[in-house]
Protein chains: 4
Amino acid sequence: MLIVMDRSATPADVGRVVDAAERMGLKAHPIPGEQRTAVGITGNRGTVEPTAFENLPGVLEVIKVSHPYKLVSREFHPDDTVVSIGGVPVGGKRLAIIAGPCAVESLEQTVTIAREVKARGAHLLRGGAYKPRTSPYSFQGLGEEGLKILAAAREETGLPVVTEALDTSSIDVVAKYADCLQIGARNMQNFELLKAAGRIGKPVLLKRGMSATLEEFLLAAEYVLAEGNPNVVLCERGVRTFSDFTRNTLDLSVIPAVERLSHLPILVDPSHGTGRRHKVAPMSFASIAAGADGVAIEVHHQPELALSDGPQALTPALFSDLMARLQPIAAAVGRTL
Amino acid sequence: MLIVMDRSATPADVGRVVDAAERMGLKAHPIPGEQRTAVGITGNRGTVEPTAFENLPGVLEVIKVSHPYKLVSREFHPDDTVVSIGGVPVGGKRLAIIAGPCAVESLEQTVTIAREVKARGAHLLRGGAYKPRTSPYSFQGLGEEGLKILAAAREETGLPVVTEALDTSSIDVVAKYADCLQIGARNMQNFELLKAAGRIGKPVLLKRGMSATLEEFLLAAEYVLAEGNPNVVLCERGVRTFSDFTRNTLDLSVIPAVERLSHLPILVDPSHGTGRRHKVAPMSFASIAAGADGVAIEVHHQPELALSDGPQALTPALFSDLMARLQPIAAAVGRTL
Amino acid sequence: MLIVMDRSATPADVGRVVDAAERMGLKAHPIPGEQRTAVGITGNRGTVEPTAFENLPGVLEVIKVSHPYKLVSREFHPDDTVVSIGGVPVGGKRLAIIAGPCAVESLEQTVTIAREVKARGAHLLRGGAYKPRTSPYSFQGLGEEGLKILAAAREETGLPVVTEALDTSSIDVVAKYADCLQIGARNMQNFELLKAAGRIGKPVLLKRGMSATLEEFLLAAEYVLAEGNPNVVLCERGVRTFSDFTRNTLDLSVIPAVERLSHLPILVDPSHGTGRRHKVAPMSFASIAAGADGVAIEVHHQPELALSDGPQALTPALFSDLMARLQPIAAAVGRTL
Amino acid sequence: MLIVMDRSATPADVGRVVDAAERMGLKAHPIPGEQRTAVGITGNRGTVEPTAFENLPGVLEVIKVSHPYKLVSREFHPDDTVVSIGGVPVGGKRLAIIAGPCAVESLEQTVTIAREVKARGAHLLRGGAYKPRTSPYSFQGLGEEGLKILAAAREETGLPVVTEALDTSSIDVVAKYADCLQIGARNMQNFELLKAAGRIGKPVLLKRGMSATLEEFLLAAEYVLAEGNPNVVLCERGVRTFSDFTRNTLDLSVIPAVERLSHLPILVDPSHGTGRRHKVAPMSFASIAAGADGVAIEVHHQPELALSDGPQALTPALFSDLMARLQPIAAAVGRTL
């Protein structure tokens, strides 16, 4: 932490800052400059609020220096983590392709789509049984019935299942059926859910919140790791900005940023990240070119009848085309499909 | 819903849109213009996704017209709602002043602050027993012990208690002690929590999410009302923008916007909305001048020792000063304290 | 500037940072911590780029400490600046009320409106002769003809004139007629225009750019002051965010922030800041309650016929009502009208 | 334009909307729905403000339908435009690689870098002679001297020159030396500059403003085309969001969006778009994979001595590596280098 003093701060003001730091068990290092003094604070293990000094007289600004995350940090764990989801590695040389419908609508729909995406090269099946919907009047998912359908589709195709847990009250039933628990963007800071997912220990696909900074995103993952579960896969799915031509603004520069700061794998969801079918393929290509460890793609055999997010779903034919065109891009960045 | 056709769309394209609408039980009204045709869609009760037509040939754009919320809407309920929290009306001529510490830290701390704010004119006591914290290593609140302390402070001062429920697993215990359940910004789209709060029936203070549009905010309230609980108080607490000189950007223009679209009362939390003590008073004055039904202010008798958010807490003396200066502003807009 | 080293940085890495600083004529102060070392840099007069050290080995992060603005800073000039526009003080105890049409459309329109706003208590007349328009097909203003009309309206009413200069090629002709040059939001970082306005020496009303940080806003003012012109009035007019219910998001918390960091007066433009007539009055009240030195309000006697921004213009009757209701709020914060 | 009436609107209210439209020479098409009436407006050639009806009684909302741009639109000009810059085509099968220093600092520096980037496959030379700088105390560029240096570097290497014009007063001198005029992000809505660039007729590289919507970006290009200059190349360079780990948030989804709406080529500037050297290569790959027509890369042979933006500049060796790794990605999307 660095405390910047006002130009007009007196030595007594600086002294008060030093005293306050020492009372908190920290060490203070005054740095006199030409125009002002700054005070470096060391010994902070992340428990002192960055603003604790802010209202002392003569203090102009307090600047946080150390990052509050530890377990997710590459500084503490230099090697890449590879998370195994039902035997499928996420984070290694081979890209992870997750595909499936937005929502589980019926056994026939889910099994049909699972077969289609399996045949075209997907490694993992996605599909929501519990759906977070902006409006209480929208389709809310089939619940446990949907989980059973996903399990049946896994039985049929061998694809491990990634599906969302919405709440601590249903996370156990989701964990009973799923190979990987998805925590959605709206729940990225539902800390009780993160802790529960950490305790369960199954792999977690953690989506970035709509307005989450990178630090908040990594700290959300830290909640899971702090419970003893290291199997977290991060997922960029677009952030909220002023820009109005897509549903969200896909922030692909988070990929090299995460790679630098964390050892966890990161995927991209270009379906939710753009909300528009014609942007899914180009943004998938861009994600892999930028270094993502895979993509999650919504596929529906009858998008015009989908109960949610039909307009962003690819048909199996479009998914097939995407996979074919993705192959040389993967190769170009030294990855396989 | 309005479907805008491309300039090059053929009559057959328009016909397909009309057919698709009729298959969904809707009525289509083609509007031929000089440069292009548009098709108005009526009969939609909010269940058709705005984008359902988007991938038909010849369609340029689909524009949503009707708002998906009903129960929170002023169109359906023209008169202002006044919510009673433990006998204190929120939404009428008298402003509602909520004050108290960010977090409940001890019986002595909470009772001391409760007495101070009561003596200076607060109507409701706030304080968190369950705290949502960005970092797993920050103080997480006293839990049920904190709720008991809040109840003791109410006993002592007569101030009804507003406190946060973080999760469906703890909402019942919170409801046992609280007069009003707060749903925090990070949980604004925790739909299971909203439904649970709706079922419990106690007043709900719903904070706007950090990147929530007005429609999403009102739909979150709609979740509570749809469960049969009309006692929702909205609360603006700042949104996330590029702006870096405050913790959040307080969006006061939401006040007249809510007043126009909804019958629910709206408060402002200038403490979290700015994160800086010196901005709390000016933004409180601005909130009331803009038409807010009250403010929620963090007060701590020893802010430098607070376990969370100390730098935004007012001392009792500063709170007293704020109340004195707020009085003529309230009078100027026809409200009382 | 503070340079934070990686946990794994070697003493040689730290040495290279110290050497680099010294080569630039700066002084380096290493601060060894438990987990990492940081290096404070002093002697920087704002000419070293904050990132100059970022790519040295072992450097984790570089944090800028000192603000690059000087002349606009309250640290360098503790007392409030009062700018006189044609004899009307802006920044003192009396609030400055600027009113008038968005665009000058005709002599009759402008003189009519000028008389109306003068009669209702406005101190300064606004009106655009050169209009920045998003579309090349929108009305672009009357140019010098419009300036002559403004001068005639001043003659008629005694109200000094505030009007926009769009470009270095027309700023001289604008300065010939105007009492105060407005620099619009889109030109806040048109540095050639800022320098030209600085050289001319007339008062400048500088609007905040749509995505300008506070530092960028103050540095834009610094450009004017650095040319020897201290007569700058800042103006908040809304920033661009994800929020979609107003044209812009009025960021009123910038008022106490500017007051703390700068001695310059600050006004608010709630007409452009909201884009909606029904929000102009509440946001005007909020602005003054938050401490603004005045407001700029668009008024049109026939808003439905206005050539630009009619929907945000108040009628003279609504302006009159606003002024009446503003009076007690001004009094409540110790200001006069 | 679509006018949505309130549920409680009377037939007289609807009649007033129809009358108002007709007075403006437009045609009104009422669409009675179950819950409310909407009125479609046709005949609008982009000159009626979207909000012109908003304050009539009974009007809930006014929705803009047609896009105000014409000449830049793919609807009006279905085939891709290829812009020739000094003989180098931008927009066709071959990608355009622009490279060079942020600022022209000296003849030796610029010629050295120009030779390096030419040898490694760049097609166009970039470099700023007039620099827009946030602070008045930062290096402002060499001016015409810098332009002469760029011309000398072109002489030496054969690379056509892209350089920024800051202002109408210097655009003629820039045009004398440059093969392509760059309009920077801060000037995207400097409409006088856009018109001047349109009149000069040389190719224009138009950078997206920091908070420009896609419509505003295309309308800025429309200003140039409306003056008779069709040679506009668009350039995404990052937008401003809450996200704090890069200088800007590179919005790559604008690439497929532009491709759909406009015939103009689009490049990406990953150097300014991220501000960090280690993100330049991954974001370049992502840009090309997403369909961009090229990239603009800052290269400096001694980045640690650069007078501006050193930390985002690649060394010639890193640029060489980027070009080598870009080649297979270009091939994967059917492009050449």
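**Group meeting: a predicted complex, chain by chain**

In chain A, the centres of domain 1 and domain 2 are 44 Å apart, taken over C-alpha atoms. Domain 1 covers residues 2-63 and domain 2 covers 83-332; these bounds come from an automatic or database domain assignment.

Some housekeeping. This is a predicted model, in which local features need pLDDT of at least 70 and side-chain atom pairs count only at pLDDT 80 or more, while totals for chains, interfaces and linings use all residues. Residues are numbered from 1 along each chain as its sequence is written, and chains are lettered from A and ligands numbered from 1 in the order in which they are written.

On confidence: pLDDT is the predictor's confidence in each residue, from 0 to 100. Chain A averages 92, and 97% of its residues score at least 70. For the complex, the predictor gives an ipTM of 0.89 and a pTM of 0.90.

Now chain A as a whole. Its C-alpha atoms fill a box of roughly 75 × 45 × 40 Å along the principal axes. The chain has ten helices and 14 strands. Helices (H or I, at least four residues) and strands (E, at least two) are DSSP runs, numbered from the N terminus. Of the 337 residues in chain A, 62% are buried. Buried is a matter of counting: a residue is buried if 20 or more other C-beta atoms lie within 10 Å of its own, exposed if 12 or fewer, and partly exposed in between, with C-beta atoms placed from the backbone. Two residues are in contact if their C-beta atoms, placed from the backbone, lie within 7 Å. Among the contacts in chain A with a separation of 6 or more, 65% join residues 24 or more positions apart.

Next, how the chains are arranged. Two copies of a chain are related by a rotation about an axis and a shift along it. Copies here are superposed by least squares on the C-alpha atoms of residues with pLDDT of at least 70 in both. Chain D goes onto chain A by a rotation of 180° with 0.0 Å of shift along the axis, at an RMSD of 0.0 Å. The two copies are thus related as by a two-fold rotation axis. Which residue of chain D comes closest to that axis? D:Ala286 does, with its C-alpha at 2.0 Å.

The contact between these two chains takes 33 residues from chain D and 33 from chain A. On the chain D side, the elements giving two or more residues are helix 7 (254-261), helix 9 (277-289) and helix 10 (316-332). Helix 9 gives the largest share, seven residues. By class, this side has 19 nonpolar, ten polar and four charged residues. For the classes, Ala, Val, Leu, Ile, Met, Phe, Trp, Tyr, Cys and Pro count as nonpolar, Asp, Glu, Lys and Arg as charged, and the others, Gly among them, as polar.

Chain D also touches chain C. Here 35 residues of chain D are in contact with 35 residues of chain C. The elements of chain D that give two or more residues to this side are helix 5 (191-200) and helix 6 (214-226). Helix 6 provides the largest share, five residues. The side has twelve nonpolar, 13 polar and ten charged residues. Chain D can be laid on chain C by a turn of 180° and a shift of 0.0 Å along the axis, with an RMSD of 0.1 Å. The copies meet through the same surface, because 100% of the interface residues of chain D are also interface residues in chain C.

A closer look at helix 6 of chain D. It has 13 residues and reaches 18 Å from its first C-alpha to its last, close to the 18 Å expected at 1.5 Å a residue; the expected span is 1.5 Å times one less than the number of residues. Is helix 6 mostly enclosed or open? Ten of its 13 residues are buried, so it is largely enclosed by the rest of the structure. The buried ones include D:Phe217, D:Glu222 and D:Tyr223. Their cover includes helix 5, strand 11 (204-207), strand 12 (232-236) and helix 7 of chain D. After helix 6 comes D:Gly228, with a positive phi near 95°.

Last, two residues of chain B. B:Val162 lies in strand 9 (residues 161-164) and counts as buried, with 30 C-beta neighbours inside 10 Å. B:Lys70 lies in the loop between strand 4 (59-63) and strand 5 (83-85) and is partly exposed, with 19 other C-beta atoms within 10 Å.
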